[in-house]
Amino acid sequence: MLAPDTEELLAEAIASAETPLSICGGTTQGISTDGNPLSTANLSGIVLYDPGALTLIAKAGTPVAEIEEALAAEKQLLAFEPMDYRTLLGTEGTPTIGGVVASNSSGSRRVQAGACRDYLLGVRFVDGEGSIIKNGGRVMKNVTGYDVARLMCGAYGTLGVLTEVGFKVLPASETTSTLVYHDLDWSETAAAFAAAMSSPFEVSGAARLPTGAFETQHACVLIRLSGFTDSVAYRCRKLSDLLETVVGRPPEQILSGPEVNDGLWKKVRDVEAFAGMDADIWHISMRLTELSKLKPLGKLDDFVFDWAGGRVWAKVAPGTDVRALLAPFEGHATLVKGGTNLPRFHPETEVLAKMAGALRSKYDPKGILNPRLMG
Amino acid sequence: MEMPAPSPEILARKPRIVSRLSGVLPEGAVISDEAETRAYECDGLTAYTCPPLCAVLPSTTEEVSEVLKICHAEGVPVVPRGSGTSLAGGALPTADSVILGIARMNDVLDISYDDRTIRVQTGRTNLSVTGAIEDDGFFYAPDPSSQLACAIAGNIAMNSGGAHCLKYGVTTNNLLGVKMVMMDGTIVTIGGAHMDAAGYDWLGVICGSEGQLGVVTEATLRILPKPEGARPVLIGYRSAEIAGACVSDIIKAGVLPVAIEYMDRKVIEVVEDHAKAGYPDCEALLIVEVEGAPEEIDAQLGIIKQIARRHHPVELREAGDADEAARIWLGRKSAFGAMGQINDYMCLDGTIPVSELPFVLRRIGELSDEYGLAVGNVFHAGDGNMHPLILFDANKPGDLETCEALGADILKLCVEVGGCLTGEHGVGIEKRDLMDVQFAPADMEAQMRIKDVFDPAWLLNPAKVFPLHISASRREKMGHAA
């Protein structure tokens, strides 16, 4: 295991490597590739935090928890609510901010606020030849040169090893409320999501948890509102009225305040409903209007919906080829847990696969950075 | 500002190239007459002009593909053009280049309110995207000030922003999918109406690549429900420092306005003469706008006004109704036009960390004195995207050069304090030769490698973004017919 404690040493390690490296952040996402482990754990610490400019820069190995704590002290947050994979996958370790960026990991608020990649202001990384490269910076609006930073986000370390990442952060909400609807069927769920997200009431989360995940006897559609107290109360009323015209009744519950909501939305974000299950777990990115294409995969309770149906977690029998059952659909499916012979990532079109290969050969000509991980 | 000398080989082959292009396009879609190509000699950066070899105006993605195949085979550089509103010279041709204008492709292809997406051809103007959906209560968020004219194609090329991106982000945050034609004519589809495209974030790198990676012909854009309402306040201060401190305090307080706009005395005075918006007599003026439900607006403006008062404003005015809101915005929206009426000006676009505002404004004042050219400041203060306007006289010999030198110093200052050369206008030719102020050679190499993947012969908009000497060896293949 290599665990350099400076960017220069990391660059040297990569420059001198002749055989594959397995790039590790906190090793919580259950992804490992063949090769000598190269950890960013010793590149740790917040480099700059300027609350008045909504900007935070941290070294890649910084624990997410450390960043969230620093932000909370200033009543700010990472708006994309990065997921903690340990719950779903039963992994150990400490999630790092570099791992979050490398996987473009986002949680429930992504539906309103955008993904990790939308908050990324800049990166420093080391490419496959050991060159140290910076892109972007610490300002919110920056179109100077190509956006290599975003390209690194979600590249799972295959184009370079992140050493530093900068984010736009946002003010935390004063309070949160969630409208809870019991046991909506497929079409009611889709209609509720569409109506909520098309309303002007600034929904900050729209999810569905299967029976037993939150309420023992009921599946729950959850619609979250965040903001200033008076405003949340007002929007709760308005949205409840609006959704009554869609589902035919008021919500079974309205959960108010941070305590109950923090715990509930952590369950959603981290897909606690499917933790420890003896099943394959898939992550499907799709459009709400194609939600019914999921029906061949299972019953409604075999899914967790987030992002108003834009994100679907599916629990299927081991070996199920979810992609084949969904096809054709607009989106992609990632095998997150289990499976044997199926590739983790959705196969790309021929043109895109060729481009990805060409790009990799330029950023990592030795082919040593997480080889074979992405296509 | 230098551009590469046109290839004599290409110039000599003009009749053949025009004939081949005419063969794949409908009548009237190839413009090769010298008088008519002048219409394409520049974009919004009018200081530099050069008519192209010819211009083509395809109507379909397939036609774009045929055009690019021919240009690829002929080794002819292609300059993609949206509406030609770039302020950075992004659509400036060279004499040996083909202008590929996307203006005839402006249809709405699909609207899905349930998915909150719209798919359009990219020649469609920014404002008319919202125009197609506003009756149903939706809008497209990025709103560059040229939105009446600018095309989505250009917005994607430059990753355009606007006044409201503090809350809604810029183009890259609102772009879900593209259909794009690469220089060899290959048509590729990336992303779609789902929220995250698979694989590498190609969309992220295509957006803002200034037409150097491909010609985007269709775009799937995220649309949003219109907020219930919006209301601005106008706050006047005695100094830039105080206004800067107020901006920082507003952001720290947990309020997220949709816009925080700043104007200095120079701009206020010109705008008052021009638009009579009734702005106060002060050194620094802020317009802060919040959106949402009435309660949300009241709550947010309550906090903002409280903070504003702590800094002892010269004036604090909240819009009581739509007319008053329009009056508050009137001056800001007419600022560029008003400045243009009194003078030639160059509009810079550097971004700085918000906390550096007071220092940078003071330093710009000093530089302005040193160079003897007045500078007005009007910009998006919430996100630190400055727009210093340098006033000069285009008819006075040497004034443009002095203006460019002052501009370069101001942009270097932006980089020195941790910012960047351009926040939303793009590099184009205007900031091309300053790129090495912000980037080390390895940083630029990493960017150019991406172009190598998409356009190995470097034929698409080749002499932009990267300093010529740095891209020279890559551009050598140009001009030779394959």
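Modeller: This is a predicted model. In it, the side chains of B:Asp433 and B:Arg432 form a salt bridge, with N and O 3.1 Å apart.

Colleague: What makes the contact of B:Asp433 and B:Arg432 a salt bridge?

Modeller: The rule asks for a side-chain nitrogen of Lys or Arg within 4 Å of a carboxyl oxygen of Asp or Glu. For B:Arg432 and B:Asp433 the N to O value is 3.1 Å, so the pair meets the rule. In general, side chains of opposite charge can pair when their charged atoms come close.

Colleague: How many salt bridges does a search of the whole structure find, and how many of them lie across the interface of chain B and chain A?

Modeller: Over all chains, 50 salt bridges are found. Across the interface of chain B and chain A the rule finds 10. One of them joins the side chains of A:Glu202 and B:Lys167, at 2.6 Å from N to O.

Colleague: How do you know that the pair of A:Lys134 and B:Asp443 crosses between chains?

Modeller: The closest N and O atoms of A:Lys134 and B:Asp443 are 2.8 Å apart. A:Lys134 is in strand β7 of chain A, whereas B:Asp443 is in helix α17 (residues 441-454) of chain B. A:Lys134 is partly exposed at 28% relative accessibility, while B:Asp443, at 3%, is buried.

Colleague: Which residues are linked in a network of salt bridges?

Modeller: The network links A:Asp127, A:Glu129, B:Glu445, B:Arg449, B:Asp452 and B:Arg474.

Colleague: How much area do chain B and chain A bury between them?

Modeller: They bury about 6800 Å², 59% of it on carbon and sulfur atoms. The contact takes 96 residues from chain B and 75 residues from chain A.

Colleague: What makes β5 and β9 of chain B edge strands?

Modeller: Their open sheet has five strands in the order β5-β6-β10-β8-β9, with antiparallel pairing. β5 (108-112) and β9 (187-191) each have a single partner strand, so one side of each is left without a neighbour in the sheet. Four bridges join β5(B) to strand β6 (residues 117-121) of chain B, and B:Asp110 stands opposite B:Arg119 in β6(B).

Colleague: What is remarked on in the loop between β5 and β6 of chain B?

Modeller: B:Arg116 lies in that loop, and its phi is near 55°, a positive value in a residue other than glycine. Most residues other than glycine have a negative phi. B:Arg116 counts as buried because its relative accessibility is 10%, under the 20% cut-off.

Colleague: Where is A:Leu54, and why is it called buried?

Modeller: A:Leu54 is in the loop between β3 and β4 (55-59) of chain A. At 0% relative accessibility, A:Leu54 is under 20% and is therefore buried. A:Leu54 too has a positive phi, about 55°, although it is not a glycine.

Colleague: Why does B:Met346 count as buried?

Modeller: The relative accessible area of B:Met346 is 12%, which is under 20%, so the residue is buried. B:Met346 belongs to strand β16 (residues 344-347) of chain B. Among the residues that B:Met346 touches are B:Pro388, B:Phe392 and B:Cys403.

Definitions and conventions
Residues numbered from 1 in each chain as written. Chains lettered and ligands numbered in written order. Predicted model: local features only at pLDDT ≥ 70, side-chain atom pairs only at ≥ 80, totals over all residues. Heavy atoms only, no water. Helix = DSSP H or I, 4+ residues; strand = E, 2+ residues; numbered from the N terminus. Buried < 20%, exposed > 50% of the residue type's maximum accessible area, 1.4 Å probe, protein only. Contact = heavy atoms within 4.5 Å. Pairing = 2+ DSSP bridges. Buried area = accessible area lost by both parts, 1.4 Å probe. Lists of a residue's contacts leave out its neighbours within four places in sequence.
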